[in-house]
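Subject: Structure handover

Hello,

I am passing on the structure below, followed by notes on what was found in it. Please read the notes with the model open.

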Amino acid sequence: VGIYGWWASLLFVKGWTAKAILLKVLIPCIWMTVALTLVLYTPVILVSDGVESIVANDTVLSQAWPEFLSQLCPHLRSLGDYVRDIPAVVVLLGIGLVMVGLYSYLRRRDWPALLLLPSVVLGSALIFLILHRIPFTRTWIYVVPLVLIIADSGFSWMLENTSRRARTFITVVVLIVGAAGALHLMATKTIANYPDTGTFPEAPIVASYLKPILTHDDAVEVRVPADWPTYFYLWYYGVREPF
């Protein structure tokens, strides 16, 4: 939806009429998308003995509007996970570079670059509201490369009028800082210790210990981040009911 909205916007800027855009571009592309979706999902449907595993997935079914609206603000706040453990100074600098990048597109009248991110975000928001289902936070991860491209454009635009020596120096400094940040995350195992990262090496031992003593009346409750590894090995050892 976002990409099609982007195409339509660019054609409209070039003087195409809404009717021409709809008939010559959007409708053919929509039919193509439907056809390719059916073709690519056919193996899944055949292996799954029907479409139930796709259309009846609990994580994509629409929520009641009161439930959806009550979770909307917490979901938007959860998008802060994308800048987790990044220093506030770096986040502010990144936001500044994005603003500069958008300004540089506007100044150059680079409409394809300027309209891409807004089109994708608006298209996604449209589907989000039509479905009215709160997705996983990671669902929005495809937006990150677009934001980084705009920030890079802002960075490059700022360096255009500097000397070659200054550009080289600033680029080297940025690379060193980025490498140092990555090494720091690895050395401190920051990402491995996130509460939403499934990690529990003892899961096979726990599952094998629980298997002979669990009954159908028992329930297994495991905290993040050990939950899904434990559930997996309970399933692997044939213990299905407790979770």
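A residue counts as buried under 20% relative accessible area, as exposed over 50%, and as partly exposed in between. The notes below use these words in that sense. Please keep in mind that this is a predicted model.

With a relative accessible area of 43%, Met-32 is partly exposed. For a sense of distance in the model, take Met-32 and Trp-228: they are 196 residues apart along the chain, and their C-alpha atoms are separated by 38 Å.

The second largest pocket

This pocket holds about 440 Å³ of space. Its lining consists of 17 residues, and those nearest the centre are Ile-127, Phe-128, Leu-131, Pro-135 and Thr-139. Helix H6 (residues 111-131) supplies the largest share of the lining, with six residues. By type, the lining of the second largest pocket has eleven nonpolar residues, five polar ones and one charged one.

The salt bridge

How many salt bridges does a search of the whole structure find? The search finds one. In general, side chains of opposite charge can pair when their charged atoms come close. Here the partners are Arg-84 and Asp-81, with 3.2 Å between the closest N and O atoms. The cut-off for a salt bridge is 4 Å, so this pair falls within it. Arg-84 is partly exposed, at 24% relative accessibility. Asp-81 is partly exposed too, with a relative accessible area of 36%.

Positive phi angles

Two loop residues are worth a look on the backbone. Asp-85 is not a glycine, yet it has a positive phi of about 65°. Asp-85 sits in the loop between helix H4 (65-78) and helix H5 (88-108). Its relative accessible area is 47%, so Asp-85 counts as partly exposed.

Lys-189, also not a glycine, has a positive phi of about 55°. The loop that holds Lys-189 runs between helix H8 (164-188) and helix H9 (203-210). Is Lys-189 buried or exposed? At 56% relative accessibility, Lys-189 is exposed, because the cut-off for that class is over 50%.

Regards

Methods:
Residues are numbered from 1 along each chain as its sequence is written. This is a predicted model: local features need pLDDT of at least 70, side-chain atom pairs count only at pLDDT 80 or more; totals for chains, interfaces and linings use all residues. Side-chain values use heavy atoms; hydrogens and water are left out. On a 1 Å grid over the protein atoms alone, a cavity is a set of points where a 1.4 Å probe fits but cannot get out, and a pocket is an open set with protein on both sides within 12 Å along at least five of seven lines; lining residues have an atom within 4 Å of a point. Grid points are joined across faces, edges and corners, and a volume is the space filled by probe spheres set on the points. Helices (H or I, at least four residues) and strands (E, at least two) are DSSP runs, numbered from the N terminus. Ala, Val, Leu, Ile, Met, Phe, Trp, Tyr, Cys and Pro count as nonpolar, Asp, Glu, Lys and Arg as charged, and the others, Gly among them, as polar. A salt bridge is a side-chain nitrogen of Lys or Arg within 4 Å of a carboxyl oxygen of Asp or Glu. Buried means under 20% relative accessible area, exposed over 50%, partly exposed in between (1.4 Å probe, protein chains only).
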